[in-house]
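Subject: Structure handover

Hello,

Please find the structure we spoke about below. My notes on it come after.

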Amino acid sequence: MVFVCFSTIGAIQIAAHIANLRGLLILRRPIASLLLGIGILTGSIFWFFLSENRNINDTAGGLDANSQALGFFLGALIGTILTIVISSIINLDLKISNMGKNIDGLDSLREQNYYLAIKGEYSLFRGNWRDYLSKQFTGLPKSIIYQLVTTIIVKLR
Amino acid sequence: MLNLDEKILFALNNLNGKYRSLDAIIAWTVSDYLIPVCLCLALICVWLVGHNKTTRYSYQLGVFSALTAMAISSGIAQLLSGLIERPRPFVTHDLIVVFYKPTDFSFPANSVAACFAIAAVVSTFNKKLGLSMFVMGGILAFSRVYVGVHYPSDVLMGAIIGILSIIPVYILLKLTEPMPTCFIKVARILRLA
């Protein structure tokens, strides 16, 4: 889990550099963040395999497939949360040059940190949550099953 | 067919101990952790790297599909494994086993199926990345035969299951809409997509 946690931090730094998501970088200079990401990723792989024998059967103390999947999920989750917290602290004073533009999702992290982005989204939600939700969830693709179920529900009413 | 299967197995397994550098590389690539974890980390990157909303949406739907394909292929592999009950090659043959000896059945190779499932889905929206994932899956398959825990036909069948798992995934994706899109929308509200 520690291996996945650190390698997730590294992978997010590499991806954030490629996608220019400055709000997710944990160093101010993007190139430094990229190098740090590559370093953390390769470092965690080497640490994991060189520290002890990892090829152990699940009947002899190793992890079975389900435990591996759970470990990966938890490690990736912790790595993501750590990245968000650290990058929000480091980029606390990141300038917002596109204020007022309709930017949502990850695009907003190009100009501001995660904390400010989610705070802005929450204020929009709190302002008028009905309009907000209807705007977000209209025009979604609907499968045949979905259409069938909704038709049955409407008819039953 | 079985003869050819055994011939390839013996040819690869006999390489053990002849090339120290190859042995050292295989000790890493055969691991349950390295290649599967690297592919999943690549999926985390794919989730984030789309340069605009449309590309990102298709990539994220792809990540969703890849994880589903991985689960489906693993399920099919488990099911077939229980039905066919083929013993591991080191049980029936005198092989050099430099990996731990798994206690479950050999056919088909579950980890190879999962890796090829991810690669097959990714190659539908990003050919270069998909191809490199296929190469990684191929390395895993080669390593598994090299260390004597699978027959070549096990890994071949695993790869086929993995590739074919994209069919039920796309049917499932179409049938479960708007759930996947809703999930991505919620993630977008939380600034995670």
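This is a predicted model: local features need pLDDT of at least 70, side-chain atom pairs count only at pLDDT 80 or more; totals for chains, interfaces and linings use all residues.

Residues are numbered from 1 along each chain as its sequence is written, chains are lettered from A and ligands numbered from 1 in the order in which they are written, and side-chain values use heavy atoms, with hydrogens and water left out.

Chain B overall

Chain B has 10 helices and 0 strands; these elements are DSSP runs numbered from the N terminus, with helices being H or I of at least four residues and strands E of at least two. Its C-alpha atoms fill a box of roughly 55 × 35 × 25 Å along the principal axes. Of its 193 residues, 53% count as buried (buried is under 20% relative accessible area, exposed over 50%, partly exposed in between, with a 1.4 Å probe and protein chains only). Among contacts in chain B between residues at least 6 apart in sequence, 78% join residues at least 24 apart, where contact means heavy atoms within 4.5 Å.

Helix α9 and what follows

In helix α9 of chain B (residues 166–176), the buried residues are B:Ile166, B:Val169 and B:Leu173. Seen down the axis of α9(B), these fall within an arc of 55 degrees, so they line one face of the helix (the arc is that of the directions from the helix axis to the C-beta atoms). An α-helix has 3.6 residues a turn, so residues three or four places apart point the same way. The cover over the buried residues of α9(B) includes α4 (53–84), α6 (110–125), α8 (152–164) and α10 (179–189) of chain B.

The loop between α9 and α10 of chain B holds B:Pro178, and the peptide bond from B:Glu177 to B:Pro178 is cis, with omega near 10 degrees. Helix α10 of chain B contains B:Thr181, which is buried at 5% relative accessibility. Leaving aside neighbours within four places in sequence, B:Thr181 is in contact with A:Leu140, A:Pro141 and B:Tyr57. In the segment after α10 of chain B is B:Arg191, with phi near 60 degrees, a positive value in a residue other than glycine. B:Arg191 counts as buried at 4% relative accessibility.

Other backbone points

A cis peptide bond also runs from B:Phe107 to B:Pro108, with omega near -10 degrees; B:Pro108 lies in the loop between α5 (89–92) and α6 of chain B. B:Glu85, in the loop between α4 and α5 of chain B, has a positive phi near 50 degrees and is partly exposed at 46% relative accessibility.

Chain A and the cysteines

A:Gly10 sits in helix α1 (residues 2–18) of chain A and is buried at 0% relative accessibility. Apart from neighbours within four places in sequence, A:Gly10 is in contact with A:Gly37, A:Ile40 and A:Leu41.

The count of disulfides over all chains is 0, a disulfide being a pair of cysteine sulfur atoms within 2.5 Å. For A:Cys5, the nearest cysteine sulfur is that of B:Cys45, 15 Å away. The sulfur of B:Cys45 is 10 Å from the closest cysteine sulfur, in B:Cys38, too far for a bond. A:Cys5 is buried at 9% relative accessibility, and B:Cys45 is buried at 18%.

Regards
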